[in-house]
Amino acid sequence: MIIQTKSDISEAQKDKLIGEINRVGYKITEVKTQKGTYLVGIGTADFDIRRFGHFEGIEDIHIVSDDYKLVSKKWKVDPTAIDLGDGVFIKDGDMAIMAGPCSIESEEQIRVVIDHLKATGIKIMRGGVFKPRSSPYAFRGLGIDGLKLWYELAREAGIKIVTEVMQVSQIEEMYDYVDIYQVGARNTQNFNLLDELGRVDKAVMIKRGISGTIEELLQSAEYVFSGGNEKLVLCERGIRTYERASRNTLDLNAVPILKSKSHLPVVVDPSHGIGIREFVPQMALSAVMSGADGIIYETHQVPEKAYSDGQQTLNFAQSALLADQIRQTFALRKTFPLL
Ligand code: PEP
Ligand code: MN
């Protein structure tokens, strides 16, 4: 059960309401976000919702049978739009394109990527400064100094930044230099990190866990929302299956399923999803047709020389072509209704 309370509810009204919810056998968690206050009731008893009809201070009340509540479409049918400022959105009915290198490598690289994005009309740049690498001897990113430099150059160019946060202590030091915190596939169930991201007022993009189910991804998003942050984006990036011919198995089934279960925007990462450069465009365009609200992919001036993930990274000519094809495919998708 979710009760959204009115902004002017008094403490006495709230206590009365919580008392009644407890009486029907539900345990309450109070959630305060940037947008509102919610009482999330967890319990199994059957009750008649009209029982709450005469209570004061209620804005909205819903029974949500899913295990996740606040991210469920059963509660909020209107899609959530993520407003990054300056007219940049990630939202249903739109197509956000996010592109950039796997890792931020140097000032020179940041400059050429930004020039490429500007020329291509891409408003959000991806890149890692804290890199989760399978080997401890691999390049692990430029860290916070790299982020500060990147931020300065991106802001000058009017470009937004999405970058991975790996641990709680990084949230604060990154805060002034990010537009979207990315939770990587290896951290999707780092519940301490998710809890803390609930306390910030910046957007968070959560990638699906390497072996994570759709339900688990939604539960991870619920952590952040229930911590107080509604600015959430879900990302399908491929899962590990028995298949070895591709790096991961991009689960495009997840897109319409996530969109039908949740009001949050869904983006797809075809680069990590298939892991093979020449097939990234096909998967990106398929993702657009599957109903995604955005695509995030890797591009680099010389992919063969990239410090990480070069094998799945597009050069700028391929990236410019793909961005154009994403827009064309999206225009086609809009000509017939999905969902
Ligand atoms: C990345 O985006 O570079 C990355 C490491 O992604 P994932 O967490 O999906 O592996
Ligand atoms: Mn990568």
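**A first tour**

Tutor: Begin with Asp-86, which sits in the loop between β5 (82-85) and β6 (88-90). Helices (H or I, at least four residues) and strands (E, at least two) are DSSP runs, numbered from the N terminus. The model is predicted, so local features need pLDDT of at least 70 and side-chain atom pairs pLDDT 80 or more, while totals for chains, interfaces and linings use all residues. Residues are numbered from 1 along each chain as its sequence is written, chains are lettered from A and ligands numbered from 1 in the order written, and side-chain values use heavy atoms, without hydrogens and water.

Student: Does Asp-86 count as buried or exposed?

Tutor: Buried means under 20% relative accessible area, exposed over 50%, and partly exposed in between (1.4 Å probe, protein chains only). Asp-86 has 72% relative accessibility, so the residue counts as exposed.

Student: What is the phi of Asp-86?

Tutor: Asp-86 is a residue other than glycine, yet its phi is positive. The value is near 55°.

Student: Which residues coordinate the manganese ion (ligand 2)?

Tutor: Donors are N, O and S atoms within 2.8 Å of the metal (3.2 Å for Na, K and Ca); water is not among the atoms, so sites may look incomplete. Along the chain the donors follow the spacing C-x169-H-x25-E-x10-D. At 2.0 to 2.4 Å, the ion is coordinated by Cys-102 (SG), His-272 (NE2), Glu-298 (OE) and Asp-309 (OD).

Student: How many residues apart are Cys-102 and Glu-298?

Tutor: The manganese ion (ligand 2) has both Cys-102 and Glu-298 among its donors. Cys-102 is in the loop between β7 (96-100) and α2, and Glu-298 is in strand β14 (residues 294-298). The pair links distant parts of the chain, 196 residues apart.

Student: What is the relative accessibility of Asp-309?

Tutor: Asp-309 is found in the loop between β14 and α10. It is not a glycine, but has a positive phi of about 55°. The residue counts as buried, because its relative accessibility is 14%.

Student: Which strands form the closed barrel?

Tutor: Strands of a sheet pair through backbone hydrogen bonds, either parallel or antiparallel. Two strands pair if DSSP finds at least two bridges between them. Here the pairing is parallel, and the eight strands run β7-β8-β9-β10-β11-β12-β13-β14.

Student: In β10, what is the bridge partner of Glu-164?

Tutor: Strand β9 (residues 160-164) and β10 run parallel, joined by three bridges. In strand β10 (residues 180-183), Ile-180 and Gln-182 point one way, Tyr-181 and Val-183 the other, and all are buried. The partner of Glu-164 is Gln-182.

Student: In β12, what is the bridge partner of Lys-207?

Tutor: Strand β11 (residues 203-207) and strand β12 (residues 232-236) pair in the parallel sense over four bridges. Lys-207 has as its partner in β12 Cys-235.

Student: At roughly what angle do the axes of helix α2 and helix α10 cross?

Tutor: Axes are lines fitted to C-alpha atoms, for helices over the stretch in contact (heavy atoms within 4.5 Å). Angles run from 0 to 180 degrees between N-to-C directions. The axes of α2 (residues 107-120) and α10 (residues 316-333) come within 10 Å and cross at roughly 30°.

Student: How far apart in space are Met-95 and His-62, C-alpha to C-alpha?

Tutor: Met-95 is found in the loop between β6 and β7. Its relative accessibility is 12%, so it counts as buried. Met-95 and His-62 are 33 residues apart in sequence, and in space the C-alpha to C-alpha distance is 30 Å.
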